[in-house]
Amino acid sequence: MSLQKEFTKGLWEIVPPFRLVLGLCPTLAVTTSAENGMGMGMATTFVLVFSNLLVSLLRKFIPSNVRIAAYIVIIASFVVIVELMMQAYTFPLYRALGIFIPLIVVNCIILGRAEAFAGKRGPLESIADGLGVGIGYTISLTVLGAFREILGSGTLWGLKVFWSGFEPFTFMVRAPGAFVALGVMLALINFISLKLEERKRRAVS
Amino acid sequence: MSFGDYMLFIIGAILVNNILLAKFLGNCPFLGVSRRMDTATGMSMAVIFVLTMAGMITWLVQYYILVPLDIEYLQTIAFILVIAALVQLVEIVMAKSLPALYRALGIFLPLITTNCAVLGVAIINIQAEYDFFDTLLFSFSSAVGYSLALILFAGIRERFAMARIPKVFQGTAIGLVTAGFMALAFSGFAGLVGH
């Protein structure tokens, strides 16, 4: 029951990068297409789940005044594993994400979950939390990537979605479009949760 | 490179390839500390200082430790540890010798370890195969570009208090849209430096 709750809260209640406004740099930089967004999300999820597990297993041994340094070393080790694996098996994606793969180390979502959750809770709960937040982040990045790809290059997963004469809205795949697209999506999420709250309040009264 | 080339290099790093608005590095603190002008200037000073130091030290670590020992794959771990240690060291030294500056920058220093601009620039320095002087120049001018964008943005954001913003856009959402327009303005500088 509680495991399920720890998992599902990552999908909506605290879904990054909208509710937890963390991990913005990769969100803005790599979501030029749905595929890149999903790749980044999956790499982050891998690191998040394993670092949560290890932090949780070691929580009784890590002295609290050096815990941040210890967490960073744990996270960095898993990032190196992801980096080497992606170099070996998914080289085109590795090239597309570029510098943002080593930068998973400083993605505040991962350190944030280690500090706020895994450092205090058991290993199973920490895995559930890591999976939930990671999958929530992956979905967010994929949706944002799809949105920008459809408008910016007129394709989705590399397939054309518009008629042949369609002029793509290149602003969306360039740097300024990233900020605007994320801002608009954040406003949309705010709008939906406001409406949901209103409905809940009406149902109670 | 001649003097003119260096000028172009610096202007390019500050305005055209601004690390914040064109390369998306260091966005979390950008949105986090830009609500007020004084915190934005404090953060800017801390970033200029740490980024320049970190750029130089990671360059030395790469070429004098990692390359000779043939362990370049440990770059990520080595760099983040160097940056974390550097930030800690700067904090201790500053608290002892420059208490006034420490009080001004104090709370921003620990935040810088997880500012991806620092690690990002350190990695770019290596990937672009800069020599030591280029590294120094690039790190410093990137940090200046970061500060410029951060301070300008804080100036705009302070005015939000007086503007009527729709409820769903309040907070981070309007900040992001504004940053988008700033990035659009900065992309106009692309014509300054020919490719």
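**Close-up views of a predicted two-chain model**

**Figure 1. Overall build of chain B.** The secondary structure of chain B consists of nine helices and zero strands. The model shown in this and the following views is predicted. Read along the sequence, the elements of chain B follow the order α-α-α-α-α-α-α-α-α. Its C-alpha atoms occupy a box of roughly 60 × 45 × 30 Å along the principal axes. Buried residues account for 40% of the 195 residues in chain B. Of the contacts in chain B between residues at least 6 apart in sequence, 79% link residues at least 24 apart.

**Figure 2. Overall build of chain A.** Chain A contains eight helices and two strands. From the N terminus on, the elements of chain A are arranged as α-α-α-α-α-α-α-β-β-α. The C-alpha trace of chain A extends over about 65 × 60 × 25 Å along its principal axes. A compact globule of 205 residues would have a radius of gyration near 17 Å; the value for chain A is 18 Å, which agrees. In chain A, 47% of the 205 residues count as buried. Among contacts in chain A with a separation of 6 or more, 75% are between residues 24 or more positions apart.

**Figure 3. The interface between chains A and B.** Here 33 residues of chain B are in contact with 33 residues of chain A. On the chain B side, the elements that contribute two or more residues are α2 (27-32), α4 (75-97), α7 (116-127) and α9 (172-187). Helix α9(B) gives the most to this side, with eleven residues. By class, the side of chain B that touches chain A comprises 25 nonpolar, eight polar and no charged residues.

**Figure 4. Helix α4 of chain B.** The 23 residues of α4(B) should span 33 Å at 1.5 Å a residue, and the 32 Å between its end C-alpha atoms agrees with that expectation. Within α4(B), the buried residues include Thr76(B), Phe79(B), Ile80(B), Ile83(B), Val87(B) and Met94(B).

**Figure 5. The largest nonpolar core.** This core has 103 residues, and those with the most contacts inside it are Ile75(A), Val118(B) and Leu119(B). Helix α3 of chain A, residues 34-57, supplies the largest share of the core, ten residues. Beyond its neighbours within four places in sequence, Ile75(A) is in contact with Val47(A), Ser51(A), Val105(A), Ile110(A) and Leu111(A).

**Figure 6. Surroundings of Ile104(A).** Ile104(A) lies in the loop between α5 (91-97) and α6 (108-118) of chain A. This residue counts as buried because it has 27 C-beta neighbours inside 10 Å, where 20 or more are required. Apart from neighbours within four places in sequence, Ile104(A) is in contact with Ala43(A), Thr44(A), Val47(A), Val79(A) and Val82(A). From C-alpha to C-alpha, Ile104(A) and Gly23(A) are 8.7 Å apart in space, although 81 residues apart in sequence.

**Figure 7. Helix α6 of chain A and its cover.** The buried residues of α6(A) are Cys108(A), Ile109(A), Ile110(A), Leu111(A), Arg113(A), Ala114(A) and Ala118(A). The cover over these buried residues includes α3, α4 (67-89) and α7 (123-153) of chain A, together with α2 of chain B.

Note on methods. Residues numbered from 1 in each chain as written. Chains lettered and ligands numbered in written order. Predicted model: local features only at pLDDT ≥ 70, side-chain atom pairs only at ≥ 80, totals over all residues. Contact = placed C-beta atoms within 7 Å. Helix = DSSP H or I, 4+ residues; strand = E, 2+ residues; numbered from the N terminus. Nonpolar A, V, L, I, M, F, W, Y, C, P; charged D, E, K, R; others polar. Core = buried A, V, L, I, M, F, W, Y, C linked by C-beta atoms within 7 Å. Buried ≥ 20, exposed ≤ 12 C-beta atoms within 10 Å, placed from the backbone. Expected span 1.5 Å × (residues − 1). Rg over C-alpha atoms; globule rule 2.2 N^0.38 Å.
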